[in-house]
Amino acid sequence: MSDPADLARELTIDFVGGAVGHRHRFGGGRGQDLPRAAGFVKGITPSVIDATAGLGRDAFLLASLGAQVTLIERSPHVHARLAAGLEAAAGDPQTAEVVARMTLLHGDARQLLTTLSADVVIVDPMHPERTSTALVKKDMRLLRDLVGTDPDQLELMQAALACARKRVVLKWPRKGPPMLGLRAPSHQIIGKTLRYDVFMTGV
């Protein structure tokens, strides 16, 4: 079995250059599926907790739209890489303002969510493996190897539903079956390969 520290060193978390930097400079803004699912409409910028931070890309996108975003990552190796990526981005004038709105925490989101509050909680558990590994990019394969599966994803969703003031957004494969034991979403936003199941929590 590969050493997690070695795997983590191969993980690319770069908020300044590459695809994330390009998306930041030229992306579709609030019209993208995730911001729409999270309730980023004209005049409204919700506070967000990303309960499964991973590579930090979703959190960075939402922070770039003006949101205060708390990231939770339980893998110590992924957390360390995320911290390094955020530190580098904080020193770049193009991304420093975005990173200033991001707070990274290390721990189990199921416990941490009981101590936090936000308008929106994003949950992106490890999805079932695709039949063709060629479809999965290298960074996502590395992340899966480091984080493993998420057998406690229902507990995480329940914690998210108890925490979020307005809504929980579950990021899920487009054709994936509903999470067993979870109530039906209030509505969905369906993309090419992913869908966002939205669970409204506010009155």
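Is Arg-110 buried, exposed or partly exposed, and what is its relative accessible area? Arg-110 is partly exposed, with a relative accessible area of 24%; buried means under 20% relative accessible area, exposed over 50% and partly exposed in between, with a 1.4 Å probe and protein chains only. The model is predicted, so local features need pLDDT of at least 70 and side-chain atom pairs count only at pLDDT 80 or more, while totals for chains, interfaces and linings use all residues. Residues are numbered from 1 along each chain as its sequence is written, and side-chain values use heavy atoms, with hydrogens and water left out.

**View A. Salt bridge of Arg-110 and Asp-108.** The closest N and O atoms of this pair are 2.6 Å apart. A salt bridge is a side-chain nitrogen of Lys or Arg within 4 Å of a carboxyl oxygen of Asp or Glu. The structure holds 11 of them. Both residues belong to a network of salt bridges that links Arg-74, Asp-108, Arg-110, Asp-152 and Glu-155.

**View B. Salt bridge of Arg-74 and Asp-152.** The N to O distance between these side chains is 2.8 Å. Arg-74 lies in the loop between strand 2 (69–73) and helix 5 (76–90), and Asp-152 in the loop between helix 8 (138–147) and helix 9 (153–163), so the pair ties together parts that are 78 residues apart in sequence. Helices (H or I, at least four residues) and strands (E, at least two) are DSSP runs, numbered from the N terminus. Arg-74 is partly exposed at 33% relative accessible area, whereas Asp-152 is buried at 11%.

**View C. Salt bridge of Arg-165 and Asp-119.** Here the closest N and O atoms are 3.1 Å apart. Arg-165 is in strand 5 (residues 164–173) and Asp-119 in strand 4 (residues 118–123); the pair links distant parts of the chain, 46 residues apart. Arg-165 counts as partly exposed at 42% relative accessibility, and Asp-119 as buried at 12%.

**View D. Aromatic pair of Phe-15 and Phe-60.** The structure holds 1 aromatic pair. The two rings are stacked, at 5.1 Å centre to centre and 20° between the planes. Rings of Phe, Tyr and Trp (its six-membered ring) pair if their centres lie within 6.5 Å; planes under 30 degrees apart count as stacked, over 60 as edge-to-face and the rest as tilted. Phe-15 is in the loop between helix 1 (4–10) and helix 2 (18–26), and Phe-60 is in helix 4 (residues 57–64), 45 residues apart. Both Phe-15 and Phe-60 are buried.

View E. Asp-50 counts as buried, at 3% relative accessibility. Leaving aside residues up to four places away in sequence, Asp-50 touches Asp-58, Ala-59, Thr-70, Leu-71, Ile-72 and Ile-122; contact means heavy atoms within 4.5 Å. The C-alpha atoms of Asp-50 and Val-169 are separated by 9.6 Å, with the two residues 119 apart along the chain.

**View F. Buried and exposed residues of helix 5.** Buried in helix 5 are Val-78, His-79, Leu-82, Gly-85, Leu-86 and Ala-89. They cover an arc of only 125° around the axis, which puts them on the same side of helix 5; the arc is that of the directions from the helix axis to the C-beta atoms. The face turned away from this buried side carries the exposed residues Glu-87 and Ala-88.
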